Amino acid sequence: MRHTFQTMGTVASIELPQDWTSEVAALERIFSLIDERFSLHRPESELSKLATGRLVLPSASAELLASYARALTWRNETAGLFSPHRPDGTIDLNGIVKAEAIEQAGEYLTSVGCPQWSINVGGDILV
């Protein structure tokens with residue numbers, strides 16, 4: 001069974017065995033929660049609040065701080081080719097949160113025992 005939905009400004013396609021369709025809502029929720037926290041297009045997202053100064057980095061959630069730390073590691077490992085910052089210095093985690101959402105969805109499917117699955121979000125694929 002293939003299920004598609006809009007998320008993070010792109011299309012997600014999840015393939016599951018037919019008898020695992022009950023997991024679709026949980027998977028959509030994973031992507032929705034991450035998009036709600038990290039989208040700079042949502043004025044009330046945690047990352048938007050950080051970008052506009054309504055939140056300071058030390059007060060950010062553990063999830064945001066973990067994603068930012070991981071993005072800084074990616075920046076270091078790519079000698080700066082990847083950056084979690086826009087040219088104006090704004091923290092922009094769009095380059096990492098899609099991958100993290102895909103990972104979380106895959107971890108969820110594994111944890112509930114789904115025997116086979118694939119997740120494709122905007123061309124980033126995990127099986």
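The points below go from the overall fold to one helix contact and then to the paired strands.

1. This is a predicted model, in which local features need pLDDT of at least 70 and side-chain atom pairs count only at pLDDT 80 or more, whereas totals for chains, interfaces and linings use all residues. Residues are numbered from 1 along each chain as its sequence is written, and side-chain values use heavy atoms, with hydrogens and water left out.

2. The protein has 4 helices and 4 strands, taken as DSSP runs numbered from the N terminus (helices H or I, at least four residues; strands E, at least two). Read from the N terminus, the order of elements is β-β-α-α-α-α-β-β, and the C-alpha trace spans about 45 × 30 × 25 Å along its principal axes.

3. Of the 127 residues, 41% are buried, where buried means under 20% relative accessible area, exposed over 50% and partly exposed in between, with a 1.4 Å probe and protein chains only. Among contacts (heavy atoms within 4.5 Å) with a separation of 6 or more, 46% come from residues 24 or more positions apart.

4. Serine 67 lies in helix H3, residues 62–77, and is buried, with a relative accessible area of 4%. Leaving aside residues up to four places away in sequence, serine 67 touches Phe38, Leu93, Ile96 and Glu100.

5. The axes of H3 and helix H4 (residues 94–111) come within 10 Å and cross at roughly 115 degrees; axes here are lines fitted to C-alpha atoms, for helices over the stretch in contact, with angles running from 0 to 180 degrees between N-to-C directions. The two helices, H3 and H4, are therefore roughly perpendicular to each other, a class that covers 65 to 115 degrees, with under 35 degrees counted as roughly parallel, over 145 as roughly antiparallel and the rest as oblique.

6. On the H3 side this contact is made by Ser67, Arg70, Ala71 and Trp74, and on the H4 side by Gly95, Ile96, Ala99, Glu100 and Glu103. These residues divide into 4 nonpolar, 2 polar and 3 charged, with Ala, Val, Leu, Ile, Met, Phe, Trp, Tyr, Cys and Pro counted as nonpolar, Asp, Glu, Lys and Arg as charged, and the others, Gly among them, as polar.

7. Strands S1 (residues 2–7) and S2 (residues 10–15) pair in the antiparallel sense over 6 bridges, pairing being assigned if DSSP finds at least two bridges between two strands. Threonine 4 has serine 13 of S2 as its bridge partner. In the hairpin of S1 and S2, with 2 residues between the strands, methionine 8 takes a positive phi near 50 degrees.

8. S2 also runs antiparallel to strand S3 (residues 118–121), joined by 4 bridges, and the bridge partner of serine 13 in S3 is asparagine 120.
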